[in-house]
Amino acid sequence: MRIVVVGDVILDVDLTGTATRLSPDAPVPVVDVSSVRRRAGGAGLVARMLAQDGWPVTLVTVLADDEAGRQLEGTLAGVRLVAGPSGSPTPVKTRVRAGTHAVVRFDEGCGGTPVPEVTPAMLRAVEKAGAVIVADYGRGLAANPQLRELLAGLADDVPVVWDPHPSGALPVAGVSVVTPNLAEAHQAAGSRATGVFGSAADGAAEVAGILLDEWRSRAVLVTTGERGALLFRERDRTPRPVPAPRVEAGDPCGAGDRLAASLAVHLLGGRDLEDASVLAVHEAADFLAAGGVSAMPDPPVPGRRRHRTSDPMLLARRVRENGGTVVATGGCFDLLHAGHVRSLTAARELGDCLIVCLNSDDSVRRLKGEQRPIMNQQDRTELLLALEFVDAVIVFEEDTPEAALNSLRPDVWVKGGDYKGARLPEAELVESWGGRCVTVPYHPARSTTVLADALAKVS
């Protein structure tokens, strides 16, 4: 079963070196940087952890069309990415370290942003989840109404772990567990908590009860640093401490992400929440003891991996900038059948992404008559995007795809083998920018016309 991580992504940059002297301009250390490392943060870090553990994981997020966004996408190799447009710059957090000690952190573009739109592909990816982790980093995705409605419906059927943020959205009612840290829990409870923050018990049980009522989740798991966590469930309302093993860790970064990832894995495996919490707390401690995020291996070198975005032009640009080959094909795809699947599979093997140029409803009517299309362009687009080997769809209104091709400028244009032996109509245009035309096997026994005629006879 696939785990789906929903949330905001951040580009984390680590500048690491040594500090042996103070600056003559001010009493601050001079760090001689010896290494620069870029990695996915936020929801991207959760997805990377799961992928590293071998779990099938999909990351549903939004990405900005900027250099930091392209670097961020490159750090997510090995993760199935379903991304829509952000509309805001990529948030970047740059940490400067002298040895193992943090010196300073610079944040760029990390403030609040408008709630981003979600695409049909993003919603479809969430619908297919066996378990969901919402990693809210206050950038607005978790506040999207369509997404929240979908998550509320899923919460009855699949485990949903919600990792909240102080400036993020309220968790959706009915989720399996919400995982604030102690400071976040106190901030969310506000003046309703009568205990004194910093006391021996830190008021974790009190704020957990308050938040359980407010959030209407099935449970709240408040993490309390080196002491572990406290679980408060709706079914019995009895606070249950979850102690953590003692570890020596200099940087706690990523511990909450590790906890959320582990909880989802164990809940998906059928464990009770209390057992899952104990395992997750221990795994978060083990993660820190092993070096935390700084010890995580770099992602694998990108190969032919799935690129998901709602913007075909942006996808084509990103693939080219990464040295990849853009493949495009076209057609009406009025009734998706085995012949289409075989041809599209063959086309995808020719490059690093496949973009389908789809005739609009009006275009199909002009080409095939008033009784067509059988399915409208929205349904045809949705079916194509449901195929693992289709990365994007662009709908064109004209009778031929030339205008769409001229905008897209693919490296390879693919047509069915029924054109074999004849020069493709689009060949001159495609070759004008250095592209090439290729035919793939055609399966005449499997066609929309044959299916339509058979259905007509049955009816």
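Because the model is predicted, local features need pLDDT of at least 70 and side-chain atom pairs count only at pLDDT 80 or more, while totals for chains, interfaces and linings use all residues. Residues are numbered from 1 along each chain as its sequence is written, and side-chain values use heavy atoms, with hydrogens and water left out. The structure holds 3 cavities of 30 Å³ or more, and the largest pocket has a volume of about 1300 Å³.

**Helix packing**

Helices (H or I, at least four residues) and strands (E, at least two) are DSSP runs, numbered from the N terminus. Axes are lines fitted to C-alpha atoms, for helices over the stretch in contact, and angles run from 0 to 180 degrees between N-to-C directions. Angles under 35 degrees count as roughly parallel, over 145 as roughly antiparallel, 65 to 115 as roughly perpendicular and the rest as oblique. A crossing is left-handed if the near helix is turned anticlockwise from the far one by less than a right angle, and right-handed if clockwise.

- Helix H3 (residues 120–127) packs on helix H4 (residues 145–154) at an angle of about 15 degrees, and their axes are 10 Å apart. H3 and H4 are therefore roughly parallel to each other, and their crossing is right-handed.
- In this pair the contact (heavy atoms within 4.5 Å) is made by Leu123, Val126 and Glu127 of H3 with Gln146, Leu147, Leu150, Leu151 and Leu154 of H4. The contact of H3 with H4 has 6 nonpolar, 1 polar and 1 charged residues, where Ala, Val, Leu, Ile, Met, Phe, Trp, Tyr, Cys and Pro count as nonpolar, Asp, Glu, Lys and Arg as charged, and the others, Gly among them, as polar.
- Helix H5 (residues 182–189) and helix H6 (residues 204–215) have axes 9 Å apart and pack at an angle of about 55 degrees. That angle makes H5 oblique to H6, and the crossing is left-handed.
- From H5, the contact residues are Leu182, Ala185, His186, Ala188 and Ala189; from H6, they are Ala204, Val207, Ile210, Leu211, Glu214 and Trp215. By class, the contact of H5 with H6 has 9 nonpolar, 1 polar and 1 charged residues.
- The axes of H1 and H7 cross at roughly 50 degrees and come within 9 Å. H1 is therefore oblique to H7, with a right-handed crossing.
- Leu45, Val46, Met49 and Leu50 of H1 meet Asp257, Arg258, Ala261 and Val265 of H7 in this contact. The contact of H1 with H7 has 6 nonpolar, no polar and 2 charged residues.

**Cavities and pocket**

On a 1 Å grid over the protein atoms alone, a cavity is a set of points where a 1.4 Å probe fits but cannot get out, and a pocket is an open set with protein on both sides within 12 Å along at least five of seven lines; lining residues have an atom within 4 Å of a point. Grid points are joined across faces, edges and corners, and a volume is the space filled by probe spheres set on the points.

- The largest cavity has a volume of about 130 Å³. Its lining has 16 residues, of which Val9, Val62, Ser86, Pro91 and Arg139 lie nearest its centre.
- Strand E4 (residues 57–63) gives the most to the lining of the largest cavity, with 3 residues. By class, that lining divides into 9 nonpolar, 5 polar and 2 charged residues.
- The second largest cavity has a volume of about 90 Å³. Of its 12 lining residues, Arg39, Ala40, Arg48, Met296 and Pro297 lie nearest its centre.
- Strand E3 (29–42) and helix H1 (43–52) each supply at least two residues of the lining of the second largest cavity, and E3 gives the most, with 4 residues. This lining divides into 6 nonpolar, 1 polar and 5 charged residues.
- The largest pocket is lined by 47 residues, and Asn181, Pro252, Gly254, Ala255 and Gly256 lie nearest its centre. Strand E2 (9–22), E3, strand E6 (92–98), strand E7 (101–108), helix H7 (255–268) and helix H8 (273–289) give two or more residues to the lining of the largest pocket.
- The lining of the largest pocket has 19 nonpolar, 15 polar and 13 charged residues.

**Backbone features**

- Most residues other than glycine have a negative phi, and most peptide bonds are trans.
- Arginine 372 and proline 373 are joined by a cis peptide bond, with omega about 5 degrees. Proline 373 is found in the loop between helix H11 (361–368) and helix H12 (377–385).
- Arginine 237 has a positive phi, near 50 degrees. Arginine 237 is found in the loop between strand E12 (229–233) and strand E13 (240–242).
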